[in-house]
Structure formats: C-alpha cells, structure tokens
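Subject: Structure handover

Hello,

The sequence and structure are below. My notes on the pocket and the overall fold follow them.

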Amino acid sequence: MKRVLFFCFLISLNISFTYSQERFSLYPGKAPGSESWAWKEAESSSNGFNTRLVYNVVEPSITAYFPEKSKANGTSVIIAPGGAFHILSIDSEGIEVAKWLNQYGIAAFVLKYRLVHILSNDPVKELSAKMQDFNKLDVINAPVVELATQDGLKAMEYVRQHANTWGLNLQKIGFMGFSAGGTLTMSVLQTANDANRPNFVAPIYLYKKAVLGTQIPSHRTPIFIAAASDDNLGLAPHSVELYLEWLKAKQPAELHMYTKGGHGFGMRKMNTPSDHWTVDFEHWLRFHQYIP
C-alpha cells in the first residue's frame, strides 16, 4: 500500500512540474511612459468573444512556462497574444500556445504588454465599437503600440539576460504573436538592436499597417507567417505583403494561407484548414533545427 501511495505521489509530482510557470515583471518600478496610469489589470470571462480576456494591463510581465527537463532543448519563444492593443486573448493565443510548445521541449514566455485603457467592464463591446473605423482605431492605438513595443523589447532583453540560468540557447530565442501580437512581433524585430533582436519570428494573422520600423534584419532571421484567406477583418493581404518583403530581402520565409479559419483562430479547433497551423509550425521548427 505504501508503495502505491508513493508511486501516486511521484505521478502527481511529475504532473505539477510538466507546465511549471513563474511570472516576472519587466520593470523594477512603474513602466516608463505610463507612470500616471492608475487603473488596474482586469479579466473578463463572460464576453462577446466567448473566451477569457485580460485588459487594462499596467504592469508588463512575462509568465514563463518551462518544459520537462528531460524534453528541454534550449529553444525558447516569447508569445504575444492579440486583441487590437485593447485586450489579450490570454488562453487561445497565449497559455495554450505555451503549453503546446512545452510538449516539444521549448520554453515559452507569455507576454502581457501595455494596452489601451478600457473604461467599462465590457471590453469586447467597447472594442467592437471602435473597430468600425480602423483609421480612428489606429490613432487611438498609436501611443500604446510604442509602449507595447518597448515591453516586447524588454522581454527579449530579460530572456537573453537569464538564458544561461534557464538553460536556454542564446541563438534560439524566438518571438511570435497573433493579430496585434503579430504587429508587436514585427515591431520588436524591426526596431531591435543586437541585444534584443529575436533569432526567429512567427507573426500569425498580423495587422501590418501598425508595425513600427521598416528595417528587415541583414543577418539570417527565419520567419513563419500564417493566416486565413477568409480573415473577416480583411487581414489576409497583410501576411502576403510581409512574405513578399521577406522574399525580396532574401530571408528564409514560409507562408501558410489557409482557405478557412477566419480571424483569431489561435489554438481553437474549428474543423477548418487553419486547425493544422500548429502541424506546419512544428515542421518549420524542425526544419530550422529549433526542435531536434
């Protein structure tokens, strides 16, 4: 009986460490540029998007999800969830992605970056009203896109600084994001310096118009791009345009444009071709030797 109980204890111990996680603040005090922000971060589980959302992020952070030590291969990825710089789809475009990457030995860091202040307790309703005019939304978002980009760069610096402690390969630190997170991914890459530039990137159904910076890296930086042709926000051409720019720069580029999937498919399974983007991404990671 004692042996059975001990064995059960070992199993529970293994489960508890499968997705070990820890939150790290990106700044020692208030984040530069938003010192006057007095509101508090909040969550919404009952909303028009039918998913858990985080909004009103004031204190940027990364939450680390480490794989089992027996699987760890040294590759790491920072993940930026999307939400038009107003909300974060924290599960489907964040935590679930991190846990999926963990299965392949990749350490993942879910980024909470600063967002536009939501004034009500219904972030989806408030955002949906603004999304009727993308030009106005861009004007509202612009100052926060700059702050969020600084948060992304800071996250890259943080992971690089702690890479040896965490057993990470300094040459295999990637950055990926969804929708606005894809915008952030490219903004980080194209405004970075040698200390905080990702080694590879994966913008998924990005909004390209708001990307900061125009400088494509001169050294080899593989990119994985994915979106759906029926993107209901009309963002499919943004991914195609980015792919063509990468080709012109003679950078390693891969584009997957799925017939159906809409916008914001993330890790959701909808019986559409977009369900298979993770399979394609896994193959891409293996080809570039980010997975052994």
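The largest share of the lining of the largest pocket, four residues, comes from α4 (helices are DSSP runs of H or I of at least four residues, strands runs of E of at least two, numbered from the N terminus). The model is predicted: local features need pLDDT of at least 70, side-chain atom pairs count only at pLDDT 80 or more, and totals for chains, interfaces and linings use all residues. Residues are numbered from 1 along each chain as its sequence is written, and side-chain values use heavy atoms, without hydrogens and water.

About 640 Å³ of space lies in that pocket. A pocket here is an open set of points on a 1 Å grid over the protein atoms alone, where a 1.4 Å probe fits, with protein on both sides within 12 Å along at least five of seven lines; lining residues have an atom within 4 Å of a point. The volume is the space filled by probe spheres set on the points, which are joined across faces, edges and corners. There are 30 lining residues, and F49, G83, L233, H263 and G264 are the closest to the centre. Two or more lining residues each come from α2 (91-102), α3 (123-130) and α4 (134-161).

As for the whole chain, eight helices and 11 strands make up its secondary structure. Its C-alpha trace spans about 65 × 45 × 40 Å along the principal axes. Buried residues (under 20% relative accessible area, 1.4 Å probe, protein chains only) account for 55% of the 292 residues.

Regards

Notes:
Buried < 20%, exposed > 50% of the residue type's maximum accessible area, 1.4 Å probe, protein only.
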